[in-house]
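Work through the exercises below with the sequence and the 3D structure at hand. Each task is followed by a solution in steps.

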Amino acid sequence: MTRVNCGWRGSGSRWLMPAGCVLLGCVVLLAGWLGGQLVTGLIGLVVMAAFGLFIALAGRSETIRGLRGDGRDERFAQIDLRATGATGMVLIVAVIVAFLVEIARARRQPVHLARRAGRDRLRGRRRLPPLARLSTVESG
Amino acid sequence: MKNLVRALRIEKGLAQGELAEAMGVSRQTVNSIENERYTPSLPLALALARYFGVTVEEMFDDQG
């Protein structure tokens, strides 16, 4: 059958996403090993490898083929673009809300924190030997 | 957008998958175009029109 060039071909490799999953699993393993949690790291590697295998072998779903890269076409790219835009919007809103919440909470916090810090400082000074106590008064 | 893709494809005796393969898009994209759920890009619209030997205006009707 003749193929017509319409400017869109799914050029992604079928194995890129599964390889990325395994690579991420290896990073999880490395992080677990460094953190002294080898079993957790191994579980992470197994889960990521299984997910990668699933992505590689589950071929008929359009969504999975799109995620994998070999089934992408202009419609999927458009959906992807919209989804990315929506995700970005949600993230921006979340950051703005978190910022506003922090501003609202910060009104009460300094008083509370300052009181606590002052109390700790006074307690700490009482425990110091007299000369050191004097030097902290001079410096502070 | 209303279009003649389904009619022309059936007239040519093609399955959606075969047309999709020829256009380099997914079968779901062809299905979405036929069911007026997706408006193809200009390159794809031109490719479809060329493939069926009609003009883009004949194939797609933006008034409908």
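**Exercise 1: The surroundings of a helix**

Task: find what the buried residues of α3(B) pack against.

Solution. The buried residues of α3(B) pack against α4 of chain A and, within chain B, against β1 (2-3), α1, α2, α4 and β2. This is a predicted model, in which local features need pLDDT of at least 70, side-chain atom pairs count only at pLDDT 80 or more, and totals for chains, interfaces and linings use all residues. Residues are numbered from 1 along each chain as its sequence is written, chains are lettered from A and ligands numbered from 1 in the order in which they are written, and side-chain values use heavy atoms, with hydrogens and water left out.

Some terms are needed here. Buried means under 20% relative accessible area, exposed means over 50%, and partly exposed lies in between (1.4 Å probe, protein chains only). Helices (H or I, at least four residues) and strands (E, at least two) are DSSP runs, numbered from the N terminus. A contact means heavy atoms within 4.5 Å.

Step 1. The buried residues of α3(B) are B:Thr29, B:Val30, B:Asn31, B:Ser32, B:Ile33 and B:Glu34.

Step 2. Six of the eight residues of α3(B) are buried, so this helix is largely enclosed by the rest of the structure.

Step 3. Take B:Ser32, which lies in α3 of chain B. B:Ser32 has a relative accessible area of 2% and is buried. Leaving out residues up to four places away in sequence, B:Ser32 touches A:Arg75, B:Arg37 and B:Tyr38.

**Exercise 2: Chain B as a whole**

Task: state how many helices and strands chain B has, and in what order they come.

Solution. Step 1. Chain B has five helices and two strands.

Step 2. Read from the N terminus, the order is β-α-α-α-α-α-β.

Step 3. Of the 64 residues in chain B, 47% are buried. Among contacts in chain B with a separation of 6 or more, 56% join residues 24 or more positions apart.

Step 4. The accessible surface of chain B (Shrake-Rupley method, 1.4 Å probe; for residues, only the protein chains shown count as cover) is about 3,300 Å², and carbon and sulfur atoms account for 50% of this area.

**Exercise 3: Two helix pairs**

Task: describe how α2(B) is set against α4(B) and against α3(B).

Solution. Two packed helices are described by the angle between their axes and the distance between the axes. Axes are lines fitted to C-alpha atoms, for helices over the stretch in contact, and angles run from 0 to 180 degrees between N-to-C directions.

Step 1. The axes of α2(B) (residues 16-23) and α4(B) (residues 42-52) come within 11 Å and cross at roughly 115°. α2(B) and α4(B) are therefore roughly perpendicular to each other. Angles under 35 degrees count as roughly parallel, over 145 as roughly antiparallel, 65 to 115 as roughly perpendicular and the rest as oblique.

Step 2. B:Leu19, B:Ala22 and B:Met23 of α2(B) make this contact with B:Leu44, B:Ala47, B:Leu48, B:Tyr51 and B:Phe52 of α4(B).

Step 3. The axes of α2(B) and α3(B) come within 8 Å and cross at roughly 110°. α2(B) and α3(B) are therefore roughly perpendicular as well. In this pair, B:Gln16, B:Gly17, B:Leu19 and B:Ala20 of α2(B) meet B:Arg27, B:Val30, B:Asn31 and B:Glu34 of α3(B).

Step 4. The buried residues of α4(B) include B:Ala45 and B:Ala49. Among the elements that the buried residues of α4(B) pack against are α4 (74-106) of chain A and α5 (56-59) of chain B.

**Exercise 4: Positive phi**

Task: state what phi B:Glu36 has and where B:Glu36 lies.

Solution. Step 1. Most residues other than glycine have a negative phi, and most peptide bonds are trans.

Step 2. B:Glu36 is a residue other than glycine with a positive phi, near 60°. B:Glu36 lies in the loop between α3 and α4 of chain B and, at 42% relative accessibility, is partly exposed.

Step 3. Just after α4(B), B:Gly53 has a positive phi of about 70°.

**Exercise 5: Cysteines**

Task: state how many disulfides the structure has.

Solution. Step 1. A disulfide is a pair of cysteine sulfur atoms within 2.5 Å.

Step 2. A search of the whole structure gives zero disulfides over all chains.

Step 3. A:Cys21 is buried at 5% relative accessibility, whereas A:Cys26 is partly exposed at 37%.
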